[in-house]
Amino acid sequence: MHSEANLFVPLIIIASLILVALAAIFGSIAARKRREELFELAQRLNLNFGGAPDYGLAQQYQFLKKLAQGDNRYAFNVLSGKYQNDDIQAFDYHYQVTTHDKNGSHTAHYRFSFFILQLPLLFPDLTIRRENFLMKIAEAFGYQDIQFESAEFSRAFNVRSPDKKFAYDVCNAKMMEYLLANRDLSIEVENQVLALAFNTCLSAEQIEFNLQRLTQIRSLMPDYLFTQNA
């Protein structure tokens, strides 16, 4: 009986090592396939592509809330260049969070897609995100978002900015109509950046689609914003 138990433990260890190795192999294959698909997308859109980790890009845009989380931050699979006359960057992003407890340390890795469009002028901080339960709790403790005449828009989105006038200018009637038809979008404007954030890594097809939405959002920002701040 003891000999069977003694044999069973090594078999479990071997099986676990095999599963880890298979996961690493399939992960490597999937990552290579993704790089190839994004490289092909970059070529078709006449954009530059870089697959390697880019820590400099992460540091350059660390003022953006979505990119300021955790440690070991870097961008990878970066598409950059001119898209419909706008300077854009679209990339996968990584950060990690390490927690410690009585059983040791545990590190969780997070990866998602992020889009940046360069603006010609500096603008105040503005975030437009889907309303969720945690935001409603924050509001109950005094972290109020900006309310709009459209009750539907105010229910659907949490809008925050130190400059309410700027928030109202950006969230004009056409912008609100567009966002209500695209409720999955999370937007951040700060300094000379208009950004779209997601919680997962998007497919090549989804990346092209969201590049189109990024430039559409830019076109819905009123022209006077780019003249009165000049």
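E188 is buried, with a relative accessible area of 7%, where buried means under 20% relative accessible area, exposed means over 50%, and partly exposed lies in between (1.4 Å probe, protein chains only). This residue is found in strand 6, and its side chain reaches the backbone nitrogen of K65 at 3.1 Å. Such a polar contact is a pair of N or O atoms within 3.5 Å; within protein, one must be able to donate a hydrogen and the other to accept it, and residues adjacent in sequence count only if both atoms are side-chain atoms. When neighbours within four places in sequence are left aside, E188 is in contact (heavy atoms within 4.5 Å) with residues including F63, L64, K65, D125, T127 and L194.

All of this is read from a predicted model, in which local features need pLDDT of at least 70 and side-chain atom pairs count only at pLDDT 80 or more, while totals for chains, interfaces and linings use all residues. Residues are numbered from 1 along each chain as its sequence is written, and side-chain values use heavy atoms, with hydrogens and water left out. The pLDDT, which is the predictor's confidence in each residue from 0 to 100, averages 87 over the protein chain, and 80% of the residues score at least 70. Over residues 137–142, however, pLDDT stays under 50, and the model has 7 contacts beyond four places in sequence for this stretch.

The protein chain has 8 helices and 6 strands, which are DSSP runs numbered from the N terminus (helices are H or I, at least four residues; strands are E, at least two). Strand 2 (residues 71–83) and strand 3 (residues 86–101) pair in the antiparallel sense over 9 bridges, pairing being counted if DSSP finds at least two bridges between two strands. In the hairpin that these two strands make, with 2 residues between them, Q84 takes a positive phi near 50°. Strand 3 also runs antiparallel to strand 4, joined to it by 14 bridges, and Y95 stands opposite Y110 in strand 4.

Strand 6 (residues 187–197) is mostly covered, since 9 of its 11 residues are buried. In strand 4 the reader can find T127, which counts as buried at 5% relative accessibility and touches residues including K65, V159, I187 and E188.

C171 is buried, with a relative accessible area of 3%, whereas C201 is partly exposed, at 31%. The structure holds 0 disulfides, a disulfide being a pair of cysteine sulfur atoms within 2.5 Å.
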